[in-house]
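This report describes selected features of the structure shown below.

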Amino acid sequence: MAQVSRIGSFASVAALLATTALAQSYPERQITMVVPFAAGGPTDTVGRLIGEKMSEELGQQIIVENVGGAGGTLGAAQVAEAEPDGYTILLHHIGMATSETLYRELPYETLEAFATIGLVTEVPMTVVARADFEPADMAAFVAYVKENADTITMANAGIGAASHLCGMLLMQALDAPIVTVPYRGTGPAMTELVGGQIDIMCDQTTNTTEQIQGGTIKAYAVTTPERLDLFPDLPTASEAGLQGLDVTVWHGIYAPAGTPQEAIDRLSSALQAALADPAIAEQLAELGTAPSPAEDATPAALETRLNEEIERWRPIIEAAGVYAD
Amino acid sequence: MDLLSNLALGFATAASPANLLFCLIGVILGTLIGVLPGIGATATIAMLLPITFQLEPVSSLIMLAGIYYGAQYGGSTTAILINMPGESSSAVTAIDGYQMARRGKAGTALAVAALGSFFAGSVATLLVALFAPPLTTVALKFGAAEYFSLMVLGLVCAVALAHGSFLKALAMVVLGLLLGLAGTDIYTGAPRFTLGLPELADGFNFVALAVGVFGIAEILRNLEGSQGSREVLGQRLGGLFPSRADLRAMVAPMLRGTMLGSILGVLPGGGAILASFGSYTIEKRLSATPEEFGRGAIAGVAGPESANNAGAQTSFIPLLTLGIPANPVMALMVGAMIIQGIVPGPNVATEQPDLFWGIIASMWIGNLMLIVLNLPLIGIWVKLLKVPYHILFPIIIAFSSIGVYSVKGNAFDLFAVAAFGLLGYVFLKLRCEPAPLLLGFVLGPLLEENLRRAMILGRGDPSVFLTRPISAALLALTLGVIAVMLMPRIRRKREEVFVAED
């Protein structure tokens, strides 16, 4: 064990010495992208799509490693402790900002432990209900839910999930205490919504688009400032008079703090190039989302976003009094 | 005939040379990883996911599906040969399958498992083709109350798994329930019994528990003595294939197992888990020689294996008709589809008929390939038992460690295997059986989750369990099972009384 750590510290000294040479040579070997959620999920899909394209740009393979568990904090913790050499990166979503408040005993300091690389994409969310839910449109929905708040049930995919965050915002915007029912992931929650066992949910387009188009669930509104090309008939929440229901599931790429600037710049430019690829745009459109513009796929833009979102969600989560640990 | 033209389309798609090849690659890979102890389909599919990006969508899904049901076949091989179930369903196969192997009937057990799986797979595939939409409707009628009642029924059946002491079986179920409590409470986020370890935030790893209490414990037991018991395994390998009497004994359990598995497999909330356990209970109850169960009963292998494989096929139904994955393997397939540009949803059958029917047709082709592949392999697998312990055991431990680690990439789980291995050895010494423990571990969290969800949805009114017809029927069935279980005891007691009076 002692020998291993000596090799490790030797490696880090060597890494420091090599920093000057890094600009030209990085990356020299494959890069591990930790996705802190299960393989096959929406975040994993985003990671694999972008990782493959970035591999082409970098000339080295990016390998996706799924380290799921504890709302994404296990995978993030692993990257926080990884060697800051540019060969371990993290793809995380909005949970990177919310876990700062949701977890009172987080094993890392979100703002100190990571270097930002850039925003990847923002997935809009939709307010949906079982197919036979009474209200005809968003205005009727708002009135109906306020009237019947104590008999309506709302699903989410577990504490800290995007659907849970959106649900908290929805209740705040409606000022209605709806009964919330957590499920173990989106799959079971969506099954019960399709089966009419539960009334409403607010979830990413990644999960809802096909069901809405198939008519198995009913959509009322989108949570973005503007309407989506995907659903031109769906109003935004603010059009329907609901203030503050503005939420997207944004994804960012991070590296451990202390990663050489050259590596970060290289990764960031590879990310921008990948996002500019029309094939990526097309594949992301299938998920109901679009690549972040080049000016957002930068370390500074992600850092600003992370800071803003941590501060934005802190009071909301504290007011709800729900913690994940 | 719509169905015939659809099936023709499906077979035309699935029987193209490329797709046949990928189906074959899938089932071979699946068999291999199933045979490696502890390495499951989920980890393998996750690792192979990047390869599928380069393939046609149909081909990649056919291959992934092949891995999935191939692993179900292969998984029973390790359960039978070395008492190492990689998934909850093959834990049941290990009970009697391993005992058959210890009596020198490993070949028969493997053949029975393969034949049962093939029959069940074929029937269930036909059911998927014929009744996918109506079966989906049934699955959607299952809410929290129904799942709760189903889990109660399952737990009651769990006690029947044991062939020894009733009290010990009950204790093991309860211990399993308690182990299942560790982890984050999904309703409040409160960490329970996690000892402050973030690795326990999602509870114990099932594979670590199964590999430990079954496999590692068995290795420890084998190491304690001389090579005595070993020779029993090595010497009497004669009769690889089932005799006529064996075949006759497996027909009825196979039919019942297939039926039960097909129905339960459709339920995404843990229904498939119950299939093999339920089948075992039924067979033990119906058997003329229930004392054979736990000592190498053919029905105890044929029934659960059929149920398991039928459930594996019908669990595709929610994915195919709704686009909602029923288990982690299905979730991976959804990921593969999305990356291919097909977002699975309720319209897949109409928008992509060649994909939909191609996958269904490939399931049957894959099952056929598996039986052709597996029957000749039985001789080779059985020979593995002749490998000396000092070579075989380190290999088993190495592979199970890789397998357990690959589930979550978490070294903590390896320590858990070691700890559960010791625990399992203690259980062996105390003559406590691990199968009820495993079922309690799997069902406990589902039971709690659905109980609390039903109570939240029902505003705290417990009558929901009785007013919803499916739930009420399941609870009535549970009472029936309890009554049947108690009857022989009562009868025996009465007989004892009569004897005493004589």
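## Two loop residues with positive phi

B:L195 is placed in the loop that connects strand 2 (191-192) and helix 9 (206-224) of chain B. In this predicted model, B:L195 has a positive phi of about 55°, although the residue is not a glycine. B:L195 counts as exposed because it has 8 C-beta neighbours inside 10 Å, and the cut-off for an exposed residue is 12 or fewer.

A positive phi is also found at B:N83, where the value is near 60°, again in a residue other than glycine. B:N83 belongs to the loop between helix 4 and helix 5 (88-102) of chain B. Is B:N83 buried or exposed? With 25 C-beta neighbours inside 10 Å, B:N83 counts as buried, since the cut-off for burial is 20 or more.

## Helix 4 of chain B

B:N83, with its positive phi, follows helix 4 of chain B. This helix covers residues 57-82, and its 26 residues should span 38 Å at 1.5 Å a residue. The C-alpha atoms at its ends are 37 Å apart, which agrees with that expectation. Helix 4 of chain B is mostly covered, with 25 of its 26 residues buried.

## A cis peptide bond in chain A

Between A:Y26 and A:P27 the peptide bond is cis, with omega at about -5°. A:P27 lies in the loop between helix 2 (19-25) and strand 1 (31-35) of chain A.

## The largest nonpolar core

In soluble globular proteins, nonpolar side chains tend to be buried together. Here the largest nonpolar core comprises 262 residues, and A:L271 and B:M333 are those with the most contacts inside it. Helix 6 (residues 106-140) of chain B provides the largest share of this core, 18 residues. Domain 1 (29-123 + 248-320) and domain 2 (124-240) of chain A each contribute at least three residues to the core.

What does A:L271 touch, leaving aside residues up to four places away in sequence? Its partners are A:M54, A:I117, A:G118, A:V120, A:I253 and A:A297.

## The contact between chain A and chain B

Chain A gives 45 residues to the contact and chain B gives 40 residues. On the side of chain A that touches chain B, at least two residues each come from helix 3 (42-58), strand 2 (62-66), strand 6 (179-182), helix 9 (186-194), helix 10 (205-214) and helix 12 (278-286) of chain A. Helix 9 of chain A supplies the largest share of that side, 6 residues. By class, the side of chain A that touches chain B consists of 18 nonpolar, 18 polar and 9 charged residues.

## The domains of chain A

Chain A is assigned domain 1 (29-123 + 248-320) and domain 2 (124-240). The C-alpha centres of domain 1 and domain 2 of chain A are 26 Å apart. Each of the two domains of chain A gives 15 residues to their contact.

On the side of domain 1 of chain A that touches domain 2 of chain A, two or more residues come from each of helix 5 (95-102), strand 9 (248-256) and helix 13 (299-320) of chain A. Helix 5 of chain A makes up the largest share of this side, with 4 residues. The residues of the side of domain 1 of chain A that touches domain 2 of chain A comprise 8 nonpolar, 7 polar and no charged.

## B:M485

Where is B:M485 found? B:M485 is in helix 22 (residues 469-501) of chain B. With 16 other C-beta atoms within 10 Å, B:M485 is partly exposed. A distance of 44 Å separates the C-alpha atoms of B:M485 and B:P344, which are 141 residues apart along the chain.

## Confidence in chain A

The average pLDDT of chain A is 87, and 93% of the residues score at least 70. Within chain A, confidence is lowest in helix 1 (residues 2-17), at a mean of 47, and highest in strand 3 (residues 88-92), at 95.

Terms used
Residues are numbered from 1 along each chain as its sequence is written. Chains are lettered from A and ligands numbered from 1 in the order in which they are written. This is a predicted model: local features need pLDDT of at least 70, side-chain atom pairs count only at pLDDT 80 or more; totals for chains, interfaces and linings use all residues. A nonpolar core is a set of buried Ala, Val, Leu, Ile, Met, Phe, Trp, Tyr and Cys residues joined through C-beta atoms within 7 Å. Domain bounds come from an automatic or database domain assignment. Two residues are in contact if their C-beta atoms, placed from the backbone, lie within 7 Å. The expected span of a helix is 1.5 Å times one less than its number of residues. Ala, Val, Leu, Ile, Met, Phe, Trp, Tyr, Cys and Pro count as nonpolar, Asp, Glu, Lys and Arg as charged, and the others, Gly among them, as polar. pLDDT is the predictor's confidence in each residue, from 0 to 100.
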